There are 4 protein chains.
Amino acid sequence: MAQQIKCGVVGATGYAGYELARLLRKHPMVSESMLFRREESGAKTLDEIYPRSMNGRPTPLHAFSWEHVEKEKIDLLFLATPHETSWEMVPEGLKRGLKIIDLSGAWRLKNAVNREVYKLEENGTTGATMKQAVFGSPELHSDEIRGAKLVANPGCYSTSVILALAPLVKGGLIDVEAGIVCDCKSGVSGAGKAPSAKTHFVEVAENLSAYSVFGHRHTGEILEQLGIGAENLIFTPHLLPIPRGILSTIYVTLKEKTTAAGIEETLRNFYADSKCVRVFPYPQLPQIQDSLRTNYCDIGFALGPDGKKVILVSCLDNLIKGAAGQAVQNMNVMYGWAEQEGLN
Amino acid sequence: MAQQIKCGVVGATGYAGYELARLLRKHPMVSESMLFRREESGAKTLDEIYPRSMNGRPTPLHAFSWEHVEKEKIDLLFLATPHETSWEMVPEGLKRGLKIIDLSGAWRLKNAVNREVYKLEENGTTGATMKQAVFGSPELHSDEIRGAKLVANPGCYSTSVILALAPLVKGGLIDVEAGIVCDCKSGVSGAGKAPSAKTHFVEVAENLSAYSVFGHRHTGEILEQLGIGAENLIFTPHLLPIPRGILSTIYVTLKEKTTAAGIEETLRNFYADSKCVRVFPYPQLPQIQDSLRTNYCDIGFALGPDGKKVILVSCLDNLIKGAAGQAVQNMNVMYGWAEQEGLN
Amino acid sequence: MAQQIKCGVVGATGYAGYELARLLRKHPMVSESMLFRREESGAKTLDEIYPRSMNGRPTPLHAFSWEHVEKEKIDLLFLATPHETSWEMVPEGLKRGLKIIDLSGAWRLKNAVNREVYKLEENGTTGATMKQAVFGSPELHSDEIRGAKLVANPGCYSTSVILALAPLVKGGLIDVEAGIVCDCKSGVSGAGKAPSAKTHFVEVAENLSAYSVFGHRHTGEILEQLGIGAENLIFTPHLLPIPRGILSTIYVTLKEKTTAAGIEETLRNFYADSKCVRVFPYPQLPQIQDSLRTNYCDIGFALGPDGKKVILVSCLDNLIKGAAGQAVQNMNVMYGWAEQEGLN
Amino acid sequence: MAQQIKCGVVGATGYAGYELARLLRKHPMVSESMLFRREESGAKTLDEIYPRSMNGRPTPLHAFSWEHVEKEKIDLLFLATPHETSWEMVPEGLKRGLKIIDLSGAWRLKNAVNREVYKLEENGTTGATMKQAVFGSPELHSDEIRGAKLVANPGCYSTSVILALAPLVKGGLIDVEAGIVCDCKSGVSGAGKAPSAKTHFVEVAENLSAYSVFGHRHTGEILEQLGIGAENLIFTPHLLPIPRGILSTIYVTLKEKTTAAGIEETLRNFYADSKCVRVFPYPQLPQIQDSLRTNYCDIGFALGPDGKKVILVSCLDNLIKGAAGQAVQNMNVMYGWAEQEGLN
């Protein structure tokens, strides 16, 4: 049997951090996972914040310190922290010899222009660190992830868009100049655990709203991963009155007239070896419920009567495949374990 | 003071029919509104089905018959009936000298090809009747509605799409060849009151799904009203986990680079005399909550950095501006009353 | 025609304040209602906060000052403010000759012990002012409200409990010693507009929780209004995953075996002249939807096989009959207008 | 390692049946579980009905027949069928030597009076069969379940009420004559998968309603299991606008004045060996979210200032601990496996 590892999770009290804690606790290759909160003081156990996690043995929450991490001989550190925090912590962590999977947006973008939206202060160290960062989409970059010290776990919206588009874009089937429209809808947990007017129940319930139109942070990831120009992509997020789940409806035009069977084959071939993407049989389309609480990204499509207009629909759970689950999947790839280990 | 009229509502027990009953009861120009159910037997009063409507005097429900309508000297008949029923009833009603506002899809489409989706059997009478039918969008056709005997009240989705696009399409600003994408999301009452797997709470809650992709019945209305070809429009409905409300996100490309101020002015000018459309000040976008339980169609937009890509967002309440409210608005126009009479 | 009055609303940006603004705007006897926010700076119009309220003429929001109130010659001031604020403002307002309807809990309780929960600092002025305060339940105290300078508008929970129990308690039918259990459930707007962990969408959705068990602030109102001892009442609030609405399930034991017809008659007689209470015909029970967006308190009941155990079910909209609507109803009674004026 | 068994599930397409299929598929002691639908024709695989269950290998659905069951050498049959169907199938299944866990209400009640509500036709066989039936509450009857051929899996509401009350009732602490009030609230999946007016999204959303007051089927189970008389129990179900989860608020009076510590100790002692009940530390109360998608029944309580009034709050997932999960727990006990095997 392969060697088990010891993990740490910083920011374990947020929604993604909690899911990580939950997944790691039952992962057969993780001997232990230490949970850290960023603040000096606060809850002593995860059970105080999430009573649902109680199972007889309270899960301790520690105030984070590098000394603590070193003392515990942690192999792999998950950062479920704001991007500013990740930006500061990652170079230090790498220096101390840790492997890191960062769930923030800080290390996902190679292009400095795309990165501006995060207002991060760059210096020599960060530049060098950025070169080490691998975009953690196991369906696209498993080879690089395998040897990576630093994996930048993708955004939730971007995962749903990139995985739906990659087969057709990378297969050169799409007329990119004709424009790609991504109309995306997400549940509220995507906005985080901090209370705000935007997450107030009364403001969200019985409602739907578009936000960050022509300016959402995940746009850069989509552009870089698909290699398309900003002028050819529109990405519009909407806030759904549900706790979790993303559905992206993506509109593209093909270069050549095609059949539904042809498109389905392209998708199936692309994901033939992927355990965490489900291609739906045409003309069935995934719904948010299908992927909830799983690490699947579900993809289906419809083909227009002209044989060229394609509507891709992709669904995932923003906290699992869009965050914690994909992070665990990245860990699995980094250590050479089965891709879906601990995720079923 | 102008003469009051007497109304009838057929299909008063459905969601749109109930809203009609509610609106007509407090309309100052309606002396009485008789409520009819299509079935021979069933509830004797509206209060049995909608206890919320109880106000001391029970509202009787009558089994429909033409004799009853005639005996009561009804001036205007609202049909909140399935399209097959409206298709049969309208010629007879017109023959008997009634004015009719039909909320079904039966009489909305002039182009027989677009009408095929309803599988209606045409004959000499229906052809002649169709010529009389006016598409009941008061913002676009108030002159024809004023003299109409038969008003075909628009669909809920189509209203939200047509009103958002009309100013730019009719102003010739849109590059129609570049394609128009309408990504629309509706609450469940749009699917009607009949229980089905699609409307089961457990199937809808915590979910979002696309449906009728490349094939929804409202497509024809949008095409005919905007005068664009089927090859240039994509319209994708989605089912939202809320009882009511529609938000349409509409993607267009302008022919010429424009400013936000220019677009806002175009919208404001187009709706300068309209009391039931609210143009939101750029860059504010309407949300579903804004228009709920009102007869407003709310319209806002975002402009891309290239000055040509425009995202229109339009919201309305599918049972009010998308059905019963717009029907009352049409009545107001037919009789020369203030457009928003009884609707505030 | 009777004289119109001029109103002011302090705290118009909260949920109850907004409903007040909306109701007063269309009230036929209110010539104008000035909206005040408590803060020095902030939104200049109500439309900025509630776009749904836009109707062509923006509604200005003023920073509150007594000078402004005096200059505008306001007759009646509604306070939709925290209880500490109301506690300070009311004596000053009365001194300046205003009539006041206060929606907070500050002035509802005559018994100092019950008031402790609010931690208000009492002094000579407050004591004298308290003597003037009338508990604003128009179904119980219309005579005193008619001449009142200060009306303490009841709590939302207490309204639903008091109105359900009053006919049986005041009729002496209930065996109070056997205990009265009030199991109450409320939508989230009852918790106010301030974002908090308790109102975060993800914490509320798909959930139900009991809170403030054996210690909710509204308990004192119920005790005082019904004249029962604390040892005989249990009142348990629960937070429902809906924006608004309250349903109270109330368990009592009658002194004597009774028939359903007898109980229904008792309820109907008690509310024979009340326009804002609907007694449901046995065995029909009200649901939250029935009373939503109305000023009705809906009451129904079930009778146990022993003829003595009664379950009362009462529903209301916590922002209307439980707050703003009842405040308007109190204004109507104070000025001798029809009880339900402006409320249909 | 212990011997694995082969299971069958009849009625695998309903909500509880689907959860059973899901749980059994990953249960380490179940070598295979055959899924049956009751109808002759219909979906060929579970994936057609629940796309979320797709995991590469479609799960076949078979039309049920005893021959099929025998041919497959099934050891244990789960019946997720209507009570009329279970009533007919169980005697036949036992005759054929199968062990059976029945999720319907047919075999739960020993007292014929309580059983009347199900309108089952009794005969010699059913009487003998009923004697074999063990009420499947592993926390109360593990010894009898261990040797049982027929386990009657408890109702969802009854489980939440019985487990909360058992420690205090069986400890003789409760003044039963003073009455026990169970105010229970359940999500919509408890009403089953068949579409109806009651489960229509628009009727349930933004609503709460009491139903089956003084007459719900689960009452008999509570009475029999706790050994209390019908005159001392009130059980009121309510329909919550959420897909799943039950919260029961239970009001009792103790015979003697007690401390919170004393009550907590009683609860903890009673459940000291139970792996599927969580007693919450006083004064923390469980919420529905805590137990969702787990096989836990969560129990907490509040104690009144008189030291005698106790409010118990218990939560569970009606499809897991209230149905499929408890059925698997019963299987575990029947076969001597760890109580929570396959349930974490």
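**Close-up views of a predicted model**

**View 1. Where chain A meets chain B.** In this predicted model, the contact draws on 38 residues of chain A and 38 residues of chain B. Together the two chains bury an area of about 3100 Å² between them, and 65% of it comes from carbon and sulfur atoms. On the chain A side, look for Glu206(A), Leu208(A) and Phe214(A): these residues lose the most area to chain B, together making up 20% of what that side buries.

**View 2. Charged and polar partners across the contact.** Four salt bridges are counted between chain A and chain B. One of the pairs to find is Lys185(A) with Asp183(B), which form a salt bridge whose closest N and O atoms lie 3.0 Å apart. Polar contacts can be counted here too: 25 residue pairs, both members at pLDDT 80 or more, are in polar contact between chain A and chain B.

**View 3. The side of chain A that touches chain B.** Which elements give two or more residues to this side? They are the strands β8 (180-186), β9 (209-210), β10 (233-239), β11 (246-253), β13 (297-303) and β14 (309-316), along with the helices α9 (201-204) and α12 (288-291), of chain A. With four residues, β8(A) gives the most. Sorted by kind, the residues of this side of chain A are 23 nonpolar, eight polar and seven charged.

**View 4. An enclosed strand in chain D.** Now we move to strand β13 of chain D, residues 297-303. Are its residues buried or exposed? Seven of the seven are buried, so the strand is largely enclosed by the rest of the structure. In a regular strand, side chains alternate between the two faces of the sheet. For β13(D), one side carries Cys297(D), Ile299(D), Phe301(D) and Leu303(D), while the other carries Asp298(D), Gly300(D) and Ala302(D). Every one of these residues is buried, and both faces of the strand are covered.

**View 5. The neighbours of β13(D).** Strand β12 of chain D (residues 277-279) runs parallel to β13(D) and is joined to it by three bridges. Strand β14 of chain D (residues 309-316) runs antiparallel to β13(D), with six bridges joining the two. Here Asp298(D) stands opposite Cys315(D) of β14(D).

**View 6. The turn between β13(D) and β14(D).** These two strands form a hairpin with five residues between them. In this hairpin, find Gly307(D), which takes a positive phi near 70°.

Key:
Residues are numbered from 1 along each chain as its sequence is written. Chains are lettered from A and ligands numbered from 1 in the order in which they are written. Side-chain values use heavy atoms; hydrogens and water are left out. Buried means under 20% relative accessible area, exposed over 50%, partly exposed in between (1.4 Å probe, protein chains only). Two strands pair if DSSP finds at least two bridges between them. Contact means heavy atoms within 4.5 Å. Buried area is the accessible area (1.4 Å probe) that two parts lose on being put together, summed over both. A salt bridge is a side-chain nitrogen of Lys or Arg within 4 Å of a carboxyl oxygen of Asp or Glu. A polar contact is a pair of N or O atoms within 3.5 Å; within protein, one must be able to donate a hydrogen and the other to accept it, and residues adjacent in sequence count only if both atoms are side-chain atoms. Ala, Val, Leu, Ile, Met, Phe, Trp, Tyr, Cys and Pro count as nonpolar, Asp, Glu, Lys and Arg as charged, and the others, Gly among them, as polar.
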